[in-house]
Amino acid sequence: SNGPSILTWKPTKETLSRLKNKVVTVHAEIYPWLGIGLKEWAEGILSLPLQITNTVFHPDELNLYELFQLPTLPFPASVENMDKSRPADLSLPVSVKRLIGQKVGLTFDTAHAEEWNLNWQDFKPFFTSIISETHLSIPDNHYYDKEGWKTGHALTIFRPDVFPVVPSTSPIICLEGLVPSIEMLREEVTFVRGKLNE
């Protein structure tokens, strides 16, 4: 989930039943201009009747104080390597290293790394024993028509014929992004499963 809507989400009994004893990871987006800082966001997550396995943060959405507060959260936290729309000091391995530690993991976004011409091995030293994620991003709509590519998978946006290696150290694989239809989601899941089983 992205955005503040998670803080007002009221899951149905059916949803709670389906998520019981499952891996539940929440993608955080902090909106200070809406009065939602790290403290308010964490309180909202704690109110959910779910066991949270991991929370993922964009480091540039947190101020320095909040970054230092991540290890104190009552649920696991991780920071994500960012794409080229974000500052390089929040995207490259040498800078990401400063943000993770004993109680803060790394969420490795494959498409973001590809955009910087990096791969998971560049980040390998920073994977920790803390739960970490790998994001296999589903692209936004426009990628499906970009340069006539018929394959719209974010893992192949930057090198269409190459599927990047996914780190085996990461126990969570997330399909992330905007999905225009359930059919496209099914196709993406099938595509990713096939690649992971190669």
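Author: In helix α2, which covers residues 38-46, the buried residues are Leu38, Trp41, Ala42, Gly44 and Ile45. Buried means under 20% relative accessible area, exposed means over 50%, and partly exposed lies in between, with a 1.4 Å probe and protein chains only. Helices (H or I, at least four residues) and strands (E, at least two) are DSSP runs numbered from the N terminus. Seen down the axis of α2, its buried residues fall within an arc of 160 degrees, so they line one face of the helix. That arc is taken from the directions from the helix axis to the C-beta atoms. Lys39 and Leu46, on the other side of α2, are exposed.

The model is predicted: local features need pLDDT of at least 70, side-chain atom pairs count only at pLDDT 80 or more, and totals for chains, interfaces and linings use all residues. Residues are numbered from 1 along each chain as its sequence is written, and side-chain values use heavy atoms, with hydrogens and water left out.

The buried residues of α2 pack against β1 (25-27), β2 (54-57) and α3 (64-69). Contact here means heavy atoms within 4.5 Å. Trp41 and Ile45 also belong to the largest nonpolar core, which has 32 residues; they are among those with the most contacts inside it, together with Phe57, Leu70, Leu73 and Phe123. A nonpolar core is a set of buried Ala, Val, Leu, Ile, Met, Phe, Trp, Tyr and Cys residues joined through side-chain atoms within 4.5 Å. Two or more residues of this core come from each of α2, β3 (77-80), β4 (104-109) and α6 (120-123). The most come from α2, with 4 residues. In soluble globular proteins, nonpolar side chains tend to be buried together.

Leaving aside neighbours within four places in sequence, Phe123 is in contact with Asn81, Ser91, Leu92, Pro93, Val96, Leu106, Phe108, Ala113 and Leu118. A second, separate core has 5 residues, including Phe163, Val166, Phe191 and Val192.

β1, one of the elements that α2 packs against, also takes part in the lining of the second largest pocket, where β1 and α1 (13-19) each supply at least two residues. With 3 residues, α1 gives the most to this lining. A pocket is an open set of points on a 1 Å grid over the protein atoms alone, where a 1.4 Å probe fits, with protein on both sides within 12 Å along at least five of seven lines; lining residues have an atom within 4 Å of a point. The second largest pocket is lined by 14 residues, and Trp9, Leu19, Val23, Val24 and Thr25 lie nearest its centre. The lining divides into 9 nonpolar, 3 polar and 2 charged residues. Here Ala, Val, Leu, Ile, Met, Phe, Trp, Tyr, Cys and Pro count as nonpolar, Asp, Glu, Lys and Arg as charged, and the others, Gly among them, as polar.

Between α1 and β1 is a loop that holds Asn21. Asn21 is exposed, with a relative accessible area of 74%. Its phi is near 60 degrees, a positive value in a residue other than glycine.

Buried residues make up 46% of its 198 residues.
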